[in-house]
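Okay, thanks for coming, everyone.

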Amino acid sequence: MRAIRKFTVRTSLPARLARLDALASNLRWSWHEPTRELFREISLEGWRATGHDPVQLLGWVGSERLEALAADEAFVARVDALADDLDDYLSQARWYQSLEGAPESIAYFSPEFGITSALPQYSGGLGILAGDHLKAASDLGVPIVGVGLFYQAGYFRQAISREGWQQESYPVLDPDGLPLTILREADGRHATVALALPGGRTLHARIWQATVGRVPLLLLDTNIHENADELRLVADRLYGGAGEQRLEQELLLGIGGVRALAVWARLTGAAAPTVFHSNEGHAGFLGLERISQLVQQGLAFDEALRVVRAGTVFTTHTPVPAGIDRFDAGLVRRHLTEELLPGVDVERALALGAEEDPGIFNMAQLGFSIAQRANGVSKLHGAVSRSMFQDRWPGFDAEEVPITSVTNGVHAPTWTSPILKHLAERELGTQDTTRCDWASETVSDETIWAARREMKQHLVDEARERTRRKHERNEGAAPAWIDELLDPEALTIGFARRVPTYKRLTLMLHDRERLRAILTNPERPVQLVVAGKSHPADEAGKALIQELVRFSQEPAVRGRIVFLENYDISMAKTLYPGCDVWLNNPLRPLEACGTSGMKAALNGSLNLSILDGWWEEYFDGQNGWAIPSAHEQMDAAERDAFEANALYDLIERQVAPRFYERDHRGLPTAWIASIRHTLGTLSPALSAERMLAEYVTRLYAPAAAAVAVASADGAAAAKGFAAWASRVRDGFGAVEVHHVEVEGVDRSPVVGDDVRVRAFVGLGALRPEDVTVEVVAGAITEEGELRGARHHELLPAGAEEGTHAFEATIAMDRAGTFGYTVRVVPRHAMLASPAELGLVAHARA
């Protein structure tokens with residue numbers, strides 16, 4: 001008999017342990033090791049049985065155990081001390097409070113948040129990044145409020161059948177049993193938001209709140225009685241459903257999310273956000289809701305758009321068009337009604353998401369339309385994004401496209417093994433592994449190697465236990481060979497991530513005989529630990545998993561390679577630290593960042609990766625190995641063969657020899673030197689604190705300043721900017737560079753000489769102050785393209801018969817052969833980039 005609903009009865013704590021509730025309900029426990037140790041001490045068996053969930057643990061142990069702990073003076077003192085520490089953490093000023101002019105509140109929208117396995121509202125890297133973003137915000141004191149959806153079934157749980165096929169299940173989550181609280185009105189009713197849908201329907205959502213240290217996270221839940229049955233399922237599954245359900249999820253996230261923030265600010269007295277950050281394009285409709293609100297306050301659409309753009313940041317994560325959410329434009333048109341977005345003309349709204357295909361509404365284009373500041377998530381991904389979206393800014397070179405990059409980071413307290421934290425505390429006086437001197441002789445080679453071996457033993461034990469449970473489920477009993485699965489002394493390579501085809505899960509299987517020889521080498525054995533989920537609709541990805549699982553079942557290698565099912569945060573915390581090497585072999589440049597290798601590096605694991613994503617900018621020859629990439633235009637099969645053979649060569653000739661080369665103490669000193677170097681150089685660089693500090697200084701603070709100017713005095717500046725932009729767009733077609741004169745090049749100039757440039761420009765109805773006229777000069781390729789260009793502004797020098805002169809004297813400070821051109825771009829104090837309007841006029845040859 002199957003239950004139709006579930007509910008949770010929370011435990012009643014003894015009075016002396018009442019503060020345990022605060023420790024369990026604030027998700028700081030997910031990265032605060034002393035608090036986690038406290039809960040483990042309550043019951044290690046219960047901690048494991050409840051999936052490391054303190055809320056469930058307190059109900060699991062029962063009242064008898066809690067009463068016994070309440071009588072334990074030492075335990076009560078620890079609870080009180082940790083609760084006091086939490087209070088201090090929540091109230092004390094931190095890094096952000098030392099800044100001047102920083103925004104008072106920042107909204108961070110994401111379709112998924114990976115905080116802890118106890119709150120399964122994530123699928124992969126995007127969600128984990130969002131979770132780390134909030135955790136780092138809490139640690140740094142950044143006043144962020146997260147906004148997402150509550151998925152009734154979260155993402156799927158993965159099981160692998162006897163045949164190696166991925167099977168999905170969707171356990172229904174009870175939010176009352178999760179570390180969440182409901183946001184309530186003064187009369188006790190749950191607070192809700194509502195969205196008008198086509199057909200006279202209304203979508204309601206209540207607001208759950210998770211507390212992530214200092215950061216609130218609002219999650220919108222549609223499974224409530226106010227909704228018709230079909231609307232209860234709008235937020236049923238993460239990335240689930242057909243086109244209309246997915247669209248309604250994103251309308252709820254963006255529009256409902258902005259409305260939920262207003263409810264939250266009203267009920268809590270917190271400051272309403274002034275800066276809005278859309279983590280990927282899924283939340284792009286937030287811009288339309290904010291435009292609607294401003295239009296209802298009296299602004300015109302274009303004026304409201306200028307205010308919204310000034311205060312919005314958009315992060316793109318995909319390096320391929322196929323990774324962008326795209327909806328049928330007719331479907332979007334039916335949903336963007338006056339009832340949903342009062343005052344917003346649907347055709348103007350559709351134009352913000354327009355792409356080359358007029359029948360498609362593109363969420364990435366919407367993201368760029370509503371945000372004045374945009375970024376990719378690694379330096380390489382920033383360059384890829386500028387090329388990918390260059391058509392949006394015609395006439396500008398790819399390097400001028402206004403998409404910057406902030407390389408992702410990972411939250412060190414979450415992803416660093418307790419073993420390494422305790423080593424750092426014991427030997428170096430701090431648990432902050434990102435600020436340790438790992439080259440110090442205080443930490444001996446023996447100590448570092450012992451910690452690494454302990455981490456690996458934990459992984460071996462967990463891999464055996466997980467594999468045992470899988471066999472018991474599928475076959476009724478576990479075979480004896482599982483007791484010998486993996487060798488804690490062998491070189492261990494890890495590979496775990498989502499399983500789209502471009503990540504090439506099975507590249508390692510390209511030459512199976514050679515792989516078998518590597519795995520079973522009697523002197524230098526290698527073992528592989530693999531995990532990952534394929535999207536339920538991705539049959540090709542599931543087939544890759546099956547192919548690898550079947551290979552791992554071969555008697556000759558089954559002790560040396562294992563696929564662990566249901567990859568999640570809980571598994572990852574053992575997997576990353578337990579591997580000696582972390583493998584990543586995507587098709588370059590399709591990995592936007594790839595943070596799993598970062599988490600491994602925080603634990604002293606070395607990376608073995610294609611130079612893609614973050615590794616392209618951080619590989620230095622001492623922290624791991626770079627797998628050579630074949631030319632991107634090479635045939636796919638040839639490329640796989642080239643890169644697979646390069647991978648095998650590296651393992652056989654460099655990785656394994658360095659790992660197994662030992663001194664008289666039995667220590668791999670060269671390998672340990674690489675561990676020290678990795679911990680010392682990568683730990684601070686890869687931290688989410690570094691990442692978030694960049695977002696604050698380079699994106700949030702400028703956005704806050706821009707929106708303050710745009711909004712002041714009844715949005716006077718935004719109104720002026722909108723009118724100016726309209727005038728410039730209308731008039732820019734008449735802008736023309738008629739003639740360019742250069743003095744001082746009749747003979748070859750030498751370094752130190754001056755060159756005088758004068759350009760004669762027709763501006764039509766525009767004024768000189770509306771534009772910047774500049775010389776663009778740089779090295780010139782054989783094709784005549786400028787490279788490494790410098791920009792020199794020409795100043796107004798009079799006008800005659802409708803032609804304006806602009807001139808400047810330019811000092812020659814470099815030797816070489818150069819080319820130049822003259823161009824005209826719009827100029828306004830509220831432009832974040834000269835390319836923002838996509839307008840430019842070039843001199844003709």
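Predicted model: local features only at pLDDT ≥ 70, side-chain atom pairs only at ≥ 80, totals over all residues.

So, strand 15 (residues 491-496) pairs with strand 18 in the parallel sense, over two bridges.

Numbering starts from 1 along each chain as its sequence is written, and side-chain values use heavy atoms, with hydrogens and water left out.

Back to strand 18, residues 581-584: which way do the side chains go? Val581 and Leu583 point one way, Trp582 and Asn584 the other, and all are buried, meaning under 20% relative accessible area with a 1.4 Å probe, protein chains only. Strand 18 also runs parallel to strand 19 (residues 606-610), joined by four bridges, and Leu583 faces Leu608 there. To get from strand 18 to strand 19 the chain goes through helix 21 (residues 596-601), and that β-α-β crossover is right-handed: with the strands pointing away from you, the path from the first strand over the helix to the second runs clockwise.

Next, two helices. Helix 17 (residues 445-475) packs on helix 24 (residues 669-685) at about 80°, axes 10 Å apart; the axes are lines fitted to C-alpha atoms over the stretch in contact, and angles run from 0 to 180 degrees between N-to-C directions. That makes helix 17 roughly perpendicular to helix 24, a label covering 65 to 115 degrees. On the helix 17 side we have Asp445, Ile448, Trp449 and Arg452, which meet Thr669, Trp671, Ile672, Ile675 and Arg676 of helix 24, contact being heavy atoms within 4.5 Å.

Then there's an open sheet of seven strands, antiparallel, ordered 21-22-25-24-23-26-27. Strand 21 (736-743) and strand 27 (841-842) are the edges, each pairing on one side only. Strand 23 (residues 771-780) and strand 26 (residues 818-826) share nine antiparallel bridges, and Val776 has Thr821 in strand 26 as its bridge partner.

Last stop, helix 9 (residues 286-296): nine of its 11 residues are buried, so the rest of the structure largely encloses it. Among those buried are Glu289 and Arg290. After helix 9 comes Gly298, with a positive phi near 115°.

Definitions and conventions:
Buried < 20%, exposed > 50% of the residue type's maximum accessible area, 1.4 Å probe, protein only. Pairing = 2+ DSSP bridges. Parallel < 35°, antiparallel > 145°, perpendicular 65-115°, else oblique.
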